[in-house]
Amino acid sequence: MTKRTAGPEIERLIQLLARLPGLGPRSARRAALHLIKKREQLLAPLAAAAADAAETVKICSTCGSVDTSDPCTICADSRRDPHMLVVVEDVGDLWALERAGAIACRYHVLGGVLSPLDGVGPSDLNIATLVSRVAESKGAVREVILAVNATVEGQTTAHYIAEQLAELGVKVTRLAHGVPVGGELDYLDEGTLAAAIKSRSLL
Ligand SMILES: [Zn+2]
């Protein structure tokens with residue numbers, strides 16, 4: 001039998017926290033201790049917020065994002081450009097693009113990328129819903145921007161989607177690859193530099 005330091009309620013809290021991304025067992029114990037010390041200000045409100053979220057979170061049936069309403073806040077926002085649809089792998093990528101604030105558009109969340117080695121095929125992702133969404137927009141969607149990660153799986157997925165959309169007469173674009181803002185050439189890897197040369201643009 002393993003030696004226990006605390007009661008089962010605390011052990012369970014630590015075990016659950018340790019399953020969060022970026023938290024190992026050690027940082028989970030620190031987080032649990034912090035929550036316990038701040039029981040009134042933090043632990044109780046966090047528990048209530050988690051219970052509320054678990055109760056109210058829905059998957060948007062249009063774009064596949066998460067929100068507390070269906071259609072989600074973004075799909076229901078009439079001020080967004082109806083002509084552009086940005087395809088992302090995950091909700092985290094959608095949130096990152098929203099934080100960047102570069103375009104006011106709508107999104108489509110794939111829920112992952114094609115990965116034959118992990119057994120992820122087209123039917124495991126929201127690709128069919130994307131194709132029918134573009135087709136059913138009857139020309140309203142004019143451009144699909146594939147904002148997938150610059151990984152082999154991401155790019156394979158982008159090519160597959162471009163093929164699926166080819167007959168719909170919609171413009172399909174992808175994000176530029178290259179030098180990050182504030183980046184110094186000397187510190188970049190060869191793959192990034194080669195991609196930057198290929199996707200150069202006119203000044
Ligand atoms: Zn939505």
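This is a predicted model: local features need pLDDT of at least 70, side-chain atom pairs count only at pLDDT 80 or more; totals for chains, interfaces and linings use all residues.
1. Helix α1 covers residues 8–17 and helix α2 covers residues 25–37; their axes come within 8 Å and cross at roughly 125°. The crossing of α1 and α2 is right-handed.

2. Which residues make the contact between α1 and α2? On the α1 side they are Ile10, Leu13, Ile14 and Leu17, and on the α2 side they are Ala28, Arg29, Ala31, Ala32, Leu35 and Ile36. Sorted by class, nine residues in the contact of α1 with α2 are nonpolar, none is polar and one is charged.

3. Helix α2 also packs against helix α3, which spans residues 39–56; the angle is about 115° and the axes are 6 Å apart. Angles of 65 to 115 degrees count as roughly perpendicular, and α2 is therefore described as roughly perpendicular to α3. His34, Leu35, Ile36 and Lys37 of α2 meet Arg39, Leu42, Leu43 and Leu46 of α3. This contact of α2 with α3 contains five nonpolar residues, one polar residue and two charged residues. Leu35 and Ile36 of α2 deserve attention, as they take part in the contact with α1 and also in the contact with α3.

4. A further helix pair is formed by α5 (residues 127–136) and α6 (residues 152–165), whose axes come within 10 Å and cross at roughly 35°. The crossing of α5 and α6 is right-handed. Helix α5 contributes Ile127, Leu130, Val131 and Val134 to the contact, while helix α6 contributes Tyr160, Ile161, Gln164 and Leu165. Of the residues in the contact of α5 with α6, seven are nonpolar, one is polar and none is charged.

5. The model contains a zinc ion, and its protein donors are the SG atoms of Cys60, Cys63, Cys72 and Cys75, lying 2.3 Å from the ion. Why is the arrangement tetrahedral? The four donor atoms subtend angles of 106 to 114° around the zinc ion, and four donors count as tetrahedral if all angles lie between 85 and 135 degrees.

6. Along the chain, the zinc donors follow the spacing C-x2-C-x8-C-x2-C. Cys60 and Cys75 link distant parts of the chain, being 15 residues apart. Cys60 lies in the loop between β1 (58–59) and β2 (66–67), whereas Cys75 lies in the loop between β2 and β3 (84–88).

7. Most residues other than glycine have a negative phi, and most peptide bonds are trans. The peptide bond that joins Asp70 and Pro71 is cis, with omega of about 5°, and Pro71 is placed in the loop between β2 and β3. Lys138, a residue other than glycine, has a positive phi near 50°. Lys138 belongs to the loop between α5 and β5 (143–146).

Definitions and conventions:
Residues are numbered from 1 along each chain as its sequence is written. Side-chain values use heavy atoms; hydrogens and water are left out. Axes are lines fitted to C-alpha atoms, for helices over the stretch in contact, and angles run from 0 to 180 degrees between N-to-C directions. Helices (H or I, at least four residues) and strands (E, at least two) are DSSP runs, numbered from the N terminus. A crossing is left-handed if the near helix is turned anticlockwise from the far one by less than a right angle, and right-handed if clockwise. Contact means heavy atoms within 4.5 Å. Ala, Val, Leu, Ile, Met, Phe, Trp, Tyr, Cys and Pro count as nonpolar, Asp, Glu, Lys and Arg as charged, and the others, Gly among them, as polar. Donors are N, O and S atoms within 2.8 Å of the metal (3.2 Å for Na, K and Ca); water is not among the atoms, so sites may look incomplete. Four donors count as tetrahedral if all angles lie between 85 and 135 degrees; four count as square planar and six as octahedral if opposite donors are over 155 degrees apart and all others between 65 and 115; anything else is irregular. Angles under 35 degrees count as roughly parallel, over 145 as roughly antiparallel, 65 to 115 as roughly perpendicular and the rest as oblique.
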